[in-house]
Amino acid sequence: MASISQLGYLGLGVTDLPAWERFATGVLGLAVGARGSDETLYLRMDEYSYRLALHPDHSDDLLYVGWEVADAQALRAIAEQISAAGVTVREGSPEEAKRRRVVELITFRDPNGVASEVFYGPLIAPDPFVSPRPMSGFETGPLGLGHFILVVDDFSQSMRFYQDALGMRISDYIVEPFEGIDTTFGFLHCNPRHHTLALYERVSPAKRLNHFMLEVHSLNDVGAAYDRCTDHGVPFATTLGRHTNDHMVSFYAVTPSGFLFEYGWGARTIDDAVWQVQLHHGESIWGHRPVGDSEPQSQAVTQPPRSH
Ligand code: FE2
């Protein structure tokens, strides 16, 4: 089976672009790579010309997902798998490829209607990534930009689709009470990053995107970002903690669009040759306590929503 190789880019629709620019550069430590003629802000975290594209848009949610494959042959194989899963695939035009700064892409909608693209040949910036904040940098390369958590309409259907169509593999499951309901979170990988995508089901989701995660090279980078959140008045969603499944030390806070981001370090990776699917009850070994909630257990989190 063909598999996507990594999460290449995310397109986000944001209402307050100036606030996002201050947040992305001043708190997350991302660099502005370019500005589109339509005001789209392209943000860098590595050698790619961008990893996050912020579009002026009132959705304040995920606009599209860019999945990367190695080359044209892999793109054809993935396109066939998506079609075989019963989903219509469209070849992207040269103009669309140019806009996304890739050699070639295909487009489709996932079972939840999320605009999705598979591409190869990302534009590489000639100059090295330099963060506007003093930090050691982001874990990307073959692991991709990070991970994100998608709220889906039908958990089983989406888990099946991402395995059958995109070739992703199950890492593990977390089952825990969430917003008052026993909820199953499914974690999927496509490279050694423990999970690139996680899914959970929620009726009538307010937003598709629960959070995106950026992983950094050192624990100091996490601590410094935690301090920057305090300095910039960014609302925390949790304290620092370590997750049960990927072992990441991280914290969650709120983006200017209302959905969350996770900033972490130290996750374990997956070797498909030996990995066995696991089940966890609860998402954290320690920490990740909700901020602004008097209940001591993270399971009591109801506002804002989060998952791993
Ligand atoms: Fe996460």
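Reader: Okay, which side chain does the side chain of glutamate 117 join in a polar contact?
Author: Before I answer, please keep in mind that this is a predicted model. The side chain of glutamate 117 is joined to that of arginine 100 by a polar contact of 2.8 Å.

Reader: And where is the place of glutamate 117, in which strand?
Author: Glutamate 117 lies in strand β8, which covers residues 115-122.

Reader: Does glutamate 117 count as buried or exposed?
Author: Glutamate 117 has a relative accessibility of 7%, and because buried means under 20%, glutamate 117 counts as buried. Leaving aside neighbours within four places in sequence, the residues in contact with glutamate 117 include Tyr9, Tyr64, Trp67 and Phe108.

Reader: What is the order of the strands in the open sheet with β8?
Author: That open sheet is formed by eight strands in the order β2-β3-β4-β1-β5-β8-β7-β6, and the pairing is mixed. At the edges stand β2 (31-35) and β6 (90-91), each with a single partner strand, so one side of each has no neighbour in the sheet.

Reader: In which sense do β2 and β3 pair?
Author: They pair in the antiparallel sense, over four bridges, and arginine 35 stands opposite leucine 41 in β3.

Reader: Changing topic: which residues coordinate the iron ion?
Author: The iron ion is coordinated by His147 and His211, each through NE2, and by Glu262 through OE, at 2.0 to 2.3 Å. The two histidines link distant parts of the chain, since histidine 147 is in strand β9 and histidine 211 in strand β13, 64 residues apart.

Reader: Are histidine 147 and histidine 211 buried or exposed?
Author: Both histidine 147 and histidine 211 are buried.

Reader: What is the order of the ten strands in the open sheet with β9 and β13?
Author: The order is β17-β10-β11-β12-β9-β13-β16-β15-β14-β18, again with mixed pairing, and the twist averages 25 degrees from one strand to the next. Within this sheet, strands β15 and β16 run antiparallel and are joined by six bridges, with phenylalanine 251 opposite tyrosine 263 in β16.

Reader: Last one, about helices: how do the axes of α1 and α5 cross?
Author: The axes of helix α1 (residues 17-28) and helix α5 (residues 219-232) come within 9 Å and cross at roughly 135 degrees, and the two helices are therefore oblique to each other. Where they meet, Gly26, Val27 and Leu28 in α1 face residues of α5 including Ala225 and His232.

Notes:
Residues numbered from 1 in each chain as written. Predicted model: local features only at pLDDT ≥ 70, side-chain atom pairs only at ≥ 80, totals over all residues. Heavy atoms only, no water. Donors = N, O, S within 2.8 Å, 3.2 Å for Na, K, Ca; no water. Buried < 20%, exposed > 50% of the residue type's maximum accessible area, 1.4 Å probe, protein only. Pairing = 2+ DSSP bridges. Polar contact = N/O pair within 3.5 Å; in protein donor to acceptor, adjacent residues only side chain to side chain. Contact = heavy atoms within 4.5 Å. Axes fitted to C-alpha atoms, helices over the stretch in contact; angles between N-to-C directions. Parallel < 35°, antiparallel > 145°, perpendicular 65-115°, else oblique.
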